[in-house]
Amino acid sequence: MTAIGYDAYLVGTTVGQIAVYSNDDNRLIKMLVNEGLSVYEAAFSMKTRRMALACDGGLALIYNLDNYEKVGQISAQKPDITSLFYVKEDVLVVGQVGGYMDVV
């Protein structure tokens, strides 16, 4: 579970989904289906209104924070993503097993 700014928060499930809930009344805003993959990390850029989710197989899924629609995905060089964060609000850094880093 993690917060998205002041308005919403994410709750992960064991079946490869992420639920977005409202902070105001705890209502479900949207269920994000991520192809049945497990999600290990989440990163946010409030300036560019993007959210990245690190999944199985070195896949990072990118969502728009205004409507929670998937807008893209990135495949890392290695199968396991160990960290994920935004730098300068619009550059995503993906850390991987073996000390590899991708900047996308």
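Two strands pair if DSSP finds at least two bridges between them. Strands themselves are DSSP runs of E with at least two residues, just as helices are runs of H or I with at least four residues, and both are numbered from the N terminus. With that in hand, strand 6 and strand 7 pair in the antiparallel sense over 6 bridges.

A word on what you are looking at. This is a predicted model, in which local features need pLDDT of at least 70 and side-chain atom pairs count only at pLDDT 80 or more, while totals for chains, interfaces and linings use all residues. Residues are numbered from 1 along each chain as its sequence is written, and side-chain values use heavy atoms, with hydrogens and water left out.

## Strand 7 and its partners

Where the two pair, Leu-59 in strand 7 is the bridge partner of Cys-55. Their hairpin has 3 residues between the strands, and Gly-57 takes a positive phi near 70° there.

Strand 7 is also joined to strand 8 (residues 70–75), by 5 bridges, and these two run antiparallel. Here Tyr-63 stands opposite Lys-70 in strand 8. This second hairpin has 5 residues between its strands, and Tyr-68 in the turn has a positive phi of about 60°.

Is strand 7 enclosed or open? Because 6 of the 6 residues of strand 7 are buried, the strand is largely enclosed by the rest of the structure. Buried means under 20% relative accessible area, exposed means over 50%, and partly exposed lies in between (1.4 Å probe, protein chains only). Both faces are covered: Leu-59, Leu-61 and Tyr-63 are buried on one side, and Ala-60, Ile-62 and Asn-64 on the other.

The side chain of Asn-64 reaches the backbone nitrogen of Asp-66 at 2.6 Å. Contact means heavy atoms within 4.5 Å; not counting residues up to four places away in sequence, Asn-64 touches Arg-49, Arg-50, Glu-69 and Val-71.

## The nonpolar cores

In soluble globular proteins, nonpolar side chains tend to be buried together. A nonpolar core is a set of buried Ala, Val, Leu, Ile, Met, Phe, Trp, Tyr and Cys residues joined through side-chain atoms within 4.5 Å. The largest one here has 15 residues, and those with the most contacts inside it are Ile-4, Leu-10, Val-20, Leu-32, Met-51, Leu-53 and Tyr-68. A second, separate core of 9 residues includes Ala-43, Ala-54, Ala-60 and Ala-76.

What does Leu-53 touch? Leaving aside neighbours within four places in sequence, the contacts of Leu-53 include Leu-10, Ile-18, Val-39, Leu-61, Tyr-63 and Leu-84.

## An aromatic pair

The whole structure holds 1 aromatic pair. It is formed by Tyr-9 and Tyr-21, which are stacked at 5.7 Å centre to centre, with 20° between the planes. Rings of Phe, Tyr and Trp (its six-membered ring) pair if their centres lie within 6.5 Å; planes under 30 degrees apart count as stacked, over 60 as edge-to-face and the rest as tilted. The pair links distant parts of the chain, with Tyr-9 in strand 2 (residues 8–12) and Tyr-21 in strand 3 (residues 17–22), 12 residues apart. Tyr-9 is buried at 16% relative accessibility, whereas Tyr-21 is partly exposed at 23%.

## Salt bridges

Side chains of opposite charge can pair when their charged atoms come close. A salt bridge is a side-chain nitrogen of Lys or Arg within 4 Å of a carboxyl oxygen of Asp or Glu, and the count comes to 3.

| Salt bridge | Closest N and O atoms |
|---|---|
| Arg-27 and Asp-25 | 3.5 Å |
| Glu-69 and Lys-30 | 2.2 Å |
| Arg-49 and Asp-66 | 2.9 Å |

Glu-69 lies in the loop between strand 7 and strand 8 and Lys-30 in strand 4 (residues 28–33), so this pair ties together parts that are 39 residues apart in sequence. Arg-49, in the loop between strand 5 (39–45) and strand 6, and Asp-66, in the loop between strand 7 and strand 8, are 17 residues apart. Arg-49 is partly exposed, with a relative accessible area of 28%, while Asp-66 is exposed at 56%.

Key:
Polar contact = N/O pair within 3.5 Å; in protein donor to acceptor, adjacent residues only side chain to side chain.
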